[in-house]
Amino acid sequence: MIGAAVVVAARAGAPEDALARWLDAQAQLTSWSADFVQTRHLQALTQPLSSPGKVWFAAPGQFRWEVGQPALSIAIREDDQLVVLAPNLKRAERYSLSAAARGPMKEALALLDTGFPRDSDDFRRRFDLLAFSSTNATWTFQLQPRSASARKLLPGMTLVVETNDFTLSATELRFADGSRLRNDFKNSVKNPPVDPSLFHVVLDDSWKVTTPMAK
Amino acid sequence: MTRSRWLGLLLLVPLAAGLFRLRFDADVLNLLPADLPSVAALQLHQRYFANARELVITVRGNDPAAVTSAAEALATRLSEAVQLVRAARWQAPWIEDPSAAAENLAWMWLQQPPEEFARLAARLSPTNVDRELTSVRETLATSLDPDALARASYDPLGFSRLPSTSGPPAGFDTGTGIFVNEDGTFRVIYVDPAPAHMNYTQADAWLAAVRRASTNAVAIPALDGADIHLGFTGTPAFVAEIATGMERDLTSSVLSTVVLIALLFWLAHRSWRPLGWLVVSLGLTLVITLALGGLVFGTLNVISLGFAAVLMGLAVDYGLVSYQEAVAGPGKSPAEIRREVAHGIGYSAVTTAGTFLLLGFAGLPGLAQLGALTAIGLLTGAVVMLFFFLPRVCPVSVPASRTGPAISPPKSHGQWSWWPTGIALAVIGGVLLWRGLPSMTASDDPLRPRHSPTYAAMEDLRRELGRTNSTYWLLFSGAVGDQLDATQAALAAARDRSEIDSFELPTTFWPRPRNAADNRKGADELAQRSTELRRVAMAAGFTTNSLALAGAVLTAWSRPEDPSAGTWPTNAMARFLTGRFSARTETGEWLALGLVQPGPKFVGDAAHLGLPPGVAMGSWDSLSTDLAGHVTRRVTWLTLLIGATLIGFLRLAFRNWREVGFSLAALALGFAMLLGVMTLAGWSWNLLSLVALPLLLGSSVDSTIHVQLALRRHGPDRTALWRITGKALLLCAGANIAGFGSLAWSSNAGLASLDLVCAVGVACVFVVCVGLLPTWWIAAHPSVIPPRVDPENPSSLYTAGLWRAGLHLGRLLPAAWAGVLARAGVKLYLRMRPERFDIVVENLLPFSAGDRGQAERLARANFEAFAAKLVDLWRYEAGVPVAESVQPGSGWDHFSPAVASGRGVLLVTPHLGNWEFGAPFLGRYGIKPLVLTAPEPAPHLTRLRADARARQGVETLVVGEDPFAFVEIIRRLQDGGVVALLIDRPNPSTAVPVELLGRPFLASVAAAELARATGCVVLPVFIVREAGSYRARALPPVEYEQRQLRDRAERIAFTGRILRALEPAIRQFPDQWFHFVPVWDTRPPQRSTPVAGGADSPPH
């Protein structure tokens, strides 16, 4: 294989430099969209499950994930809350991401926007870079949440970035029970015009809305 | 043994039984009124759901992993200490034994309504199960909900999706909310003590051992630097902490009260023997009261124990009164003393006990018990003091110097000024306007222990596990199953209306025997399809692990029907869970517990939420609000009730409304002063301290009665008032303050605040009663006030200090300014001393032929002229030359021949004009007269004035000081010298009756005596102010035959002639005839000693 992977953890400074360059590039993004294939390796199933989907991001922190085509599950970050929709069940769950909501759920949900960091310092406060590898085409960052509570649910994650334009090409989340969730992105577009309504949740009375983390 | 001793021993039996029965109740909720719904709910919760035996240990740290390790190590260590702990649970039982979860799930499905079970059966029917599994795979592939993913992973057939729950059913979570907080930095260990029963001392020792074991358990290398903090709470911890605190309070408050009372008694009586018996009597009172309390109540609560110190402070009054009476009647027998004091002590004990009994209406059972105990103690104390203390201290043999002087101390009417009242009103008003009234704290904090680590741990626990003071408990009793169903529907609707945020009900875990029987057939059919369902699921890609739960549920259903179906499963997890939300009363009734988190539109009303009957609802917040309203209402009524009763008592005591008004005013001002102190100290009212109002009202009214009755007896005699009543009140108030104040450091915040307010309140009322009330009373009873001026004695203003101040005034200020000031001073004086004005009016009545109005005008002119004279005199004595301001007036040509006669000249003058100016006037003619004066009121003043005259070259002879002065005067006259003498204000020893203005008048016979002795010329003179300057006038000498003056009658007649000679001048200048004492007195002279009265003293 040309450009075989080289573990560069021993090369002091290189992984941090690479991460810094990607973080800088991400900070320049105003919007981003991509198609993806989500692959879930679950302990409950003998075979992995794959689903197509689409994702939109708009600075500073809005995103919309649609899993399934047509979408069977949608996650939207709107202001300080995450709304998870199950359109076929007409069910919506609202999770507050504010300081008032504590615990691993908030940390885990916050990870949904991990691929779109805007603040390098904030990113480093939340994650430790455990390992780094690169090929001619990609950099791979192995990350671990700094928060112990977040680690309880999500012990680690991987980001794969294309080296030519620092586009995010894949993410992989590893859960405590051994399950894995991988997103492989394609058709990504930097700074496209994005309809703001994509990040705005409007639900009529037919939806059953709950706030599971509310106390 | 006598019969009475046998009787005494017999009484010991119930007392011993009472003491044996005595227990301490550490439950705060038992202090509260059970008729309040919120209290009833919380009491049920505490009684049946808080696990009366369980100790709760909290473990806090920064690192969840370290906290988990610490909790596990601690639970393991405690579990090994079998002599201490029966069980220590640190994580959810379903984590330790997952199979139990499946058994419970199977049981819960059986309890579901048959239609719900039918839906499950339909979902898993052969025709639908594939579609069901496809749907689950779809969820697993696409869901972003972590909970949904987890449940689908481990339960693809959906057995954990019970219809009535939105989240995971009880037993299928991680224990969050019971064993651990959301971020894992706080864990809870539930400890079941090994001892079956522990009293509070055993609980204290047990807790100490558990603490040691726990601390050692986490002191392991693996946790070094983990910063682990342990907390201990739960019933054993509360019992140990509160009960030992109660014991400490009782001991320390009683001891400190007794010490303070002993100190007060010692200061008052300085006698050891009665002091010792008083302390013994107080101890006896306390023990008997405790025993009676044990007999009546059995259990004493944390508040009621405060009775002890309060009782000490009040009961000691009976001992003090008895002993005071014994001291006042040395030699009297106990029976005699008892006869004298029993009525008063009995009346006081009954009324005070009645007041305390009224605390039963305050709406707080804890306080009602305190009131009842104090009432029992007061009656006991009265009996003990009369029948135990008195016989041991009587008869008293007290030295006369202590029993009270044979000669009464001089009366001191002093100054009963309004200034202190004015200052008190101004200060209190200012403080209250500045800082406002003390606020009302509605929280239930006063009911809790202060500085309580156990409560802090409990609060920590609640907070971390998502329970706040606003969390509502729902208590179900009766038809619990039906209530749960109805409540489930009502709360779901309330949540949709945003009235509540969430709720937790044990609906799915409540036995429904009928449903279980109906569902049994369907469950059997599903169990029979176990293998088929497993095959289908595996074909859909699910692993065997993911089917473990389903397999266990189906296996549970496949077992033979349990004859006890309808009750809960018996596994450890089920026992743990049911212990959290269900309980059975002593009567066999089932209770269930639910929780509600209020939402933004919550109104706090069970009926509004649509809860069915029989469901009680309460929270700590609602408890505070309900209690505040409840207590405020009760205290208001109680205060009005006591107030009305007291007004009746006061009316009976005084039999007039004015003194009743004074009592109420004194109490009102005392309370206002209390409010001021509270405001300055930053105190607020709370549920308990509010009760101080009626308590103070009842216990302080005595002071207002005692003071006013003493005023009736002693009038305004300050000395008598203080010596007899004030000191007694001080002793009683001191004892009360000691009693109340000793609880200011109580471990119970409410009790401490109540007693602190009472102590300050007693002090305030005492200050008002002794310091201010007498002034009000005396102002309303002017008839009891003796004249404030004594015409026979010099004015209290005629002092060296004020005279010196006058000299400075004369020296520093221009005459006009000094005159203005002097006139203002005189006007002020007339306002302060109207009696003196009346005296002058009486003196001047002959000048107006009895016309009082004219005499009053004359008197005013007289005072003003005296002001002008004073200024001139001060200027003169201060060294300002005045000789030139005196001019010779009519008749002065008589002076030179008189001097030239060589017989010596005796200048006689009345208190007319400014006679002091005669000396400097004569100095102009080279004549230095000898001025005769009487001693001034104080030696210092006499010296001051003599020195001033000496500086002007005037020779003064103070007649009263020198026994040989008369010799010197005669010698001076015989040498042809000039002597000046005032004739119209004689010393009683020289006074002789003459006539002036047609009225009997006392004049000095000294002039006649000197004439007889020397044959001198007696020349009447006077210096008056005319048209802005002084005129020295002389009258023709008063002729006499020296030989005839050997006869006393002749000397008196000669004195009369001198006065008659001067009468026209006095008639001409009545406004300058300065007499401020009654002059028309007709006392006969006792001796004939020629002494002239110098009288420049200002009016008295």
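How much area is buried between chain B and chain A? About 2,500 Å² is buried between the two chains, and carbon and sulfur atoms give 56% of that area. The structure is a predicted model.

**Interface of chains A and B**

- On the chain B side, 26 residues are in contact with 27 residues of chain A.
- Three residues, B:Thr142, B:Leu144 and B:Glu182, supply 28% of the area that chain B buries against chain A, which is more than any other three residues.

**The four-stranded sheet of chain B**

- In chain B, 4 strands form an open sheet with antiparallel pairing, and their order is β3-β4-β2-β5.
- The edges are taken by β3 (85–89) and β5 (229–234) of chain B; each has a single partner strand, so one side of each is left without a neighbour in the sheet.
- Neighbouring strands of this sheet are turned against each other by 20° on average, with direction ignored.
- Strand β2 (residues 55–60) and strand β4 (residues 186–193) of chain B run antiparallel and are joined by 6 bridges.
- Within this pairing, B:Thr58 has B:Val188 of β4(B) as its bridge partner.
- Helix α9 (residues 200–218) of chain B packs on the sheet and touches β2, β4 and β5 of chain B; the direction of the helix makes about 155° with that of β5(B).
- Helix α17 (residues 453–464) of chain B also packs on the sheet, touching β2, β4 and β5 of chain B, and the direction of this helix makes about 100° with that of β5(B).

**The seven-stranded sheet of chain B**

- Another open sheet of chain B has 7 strands in the order β12-β20-β19-β13-β16-β14-β15, and its pairing is mixed.
- Here β12 (886–888) and β15 (955–958) of chain B stand at the edges; because each has a single partner strand, one side of each is left without a neighbour in the sheet.
- From one strand to the next, the twist averages 30°.
- A parallel pair in this sheet is strand β14 (residues 930–933) with strand β16 (residues 978–982) of chain B, joined by 2 bridges.
- In that pair, B:Val931 stands opposite B:Ala980 of β16(B).
- Helix α38 (residues 1048–1068) of chain B packs on the sheet, where it touches β13 (905–909), β19 (1017–1026) and β20 (1029–1034) of chain B; the helix direction makes about 15° with that of β19(B).

**Helix α26 of chain B**

- Helix α26 (residues 692–714) of chain B has 23 residues and reaches 33 Å from its first C-alpha to its last, close to the 33 Å expected at 1.5 Å a residue.
- The helix α26(B) has a kink of about 30°, centred on B:Ser699.
- Just after α26(B) comes B:Gly715, with a positive phi of about 65°.

**Backbone features of chain A**

- Most residues other than glycine have a negative phi, and most peptide bonds are trans.
- The peptide bond from A:Ala59 to A:Pro60 is cis, with omega near 5°, and A:Pro60 lies in the loop between β3 (49–58) and β4 (62–67) of chain A.
- A:Gln69 and A:Pro70 are also joined by a cis peptide bond, with omega about 0°; A:Pro70 is in the loop between β4 and β5 (73–78) of chain A.
- A:Asn191, a residue other than glycine, has a positive phi near 50°, and A:Asn191 lies in the loop between β12 (180–190) and β13 (208–210) of chain A.

How values were computed:
Residues are numbered from 1 along each chain as its sequence is written. Chains are lettered from A and ligands numbered from 1 in the order in which they are written. This is a predicted model: local features need pLDDT of at least 70, side-chain atom pairs count only at pLDDT 80 or more; totals for chains, interfaces and linings use all residues. Side-chain values use heavy atoms; hydrogens and water are left out. Two strands pair if DSSP finds at least two bridges between them. Axes are lines fitted to C-alpha atoms, for helices over the stretch in contact, and angles run from 0 to 180 degrees between N-to-C directions. Contact means heavy atoms within 4.5 Å. The expected span of a helix is 1.5 Å times one less than its number of residues. The bend at a residue is the angle between axes fitted to the seven residues ending there and the seven starting there. Buried area is the accessible area (1.4 Å probe) that two parts lose on being put together, summed over both.
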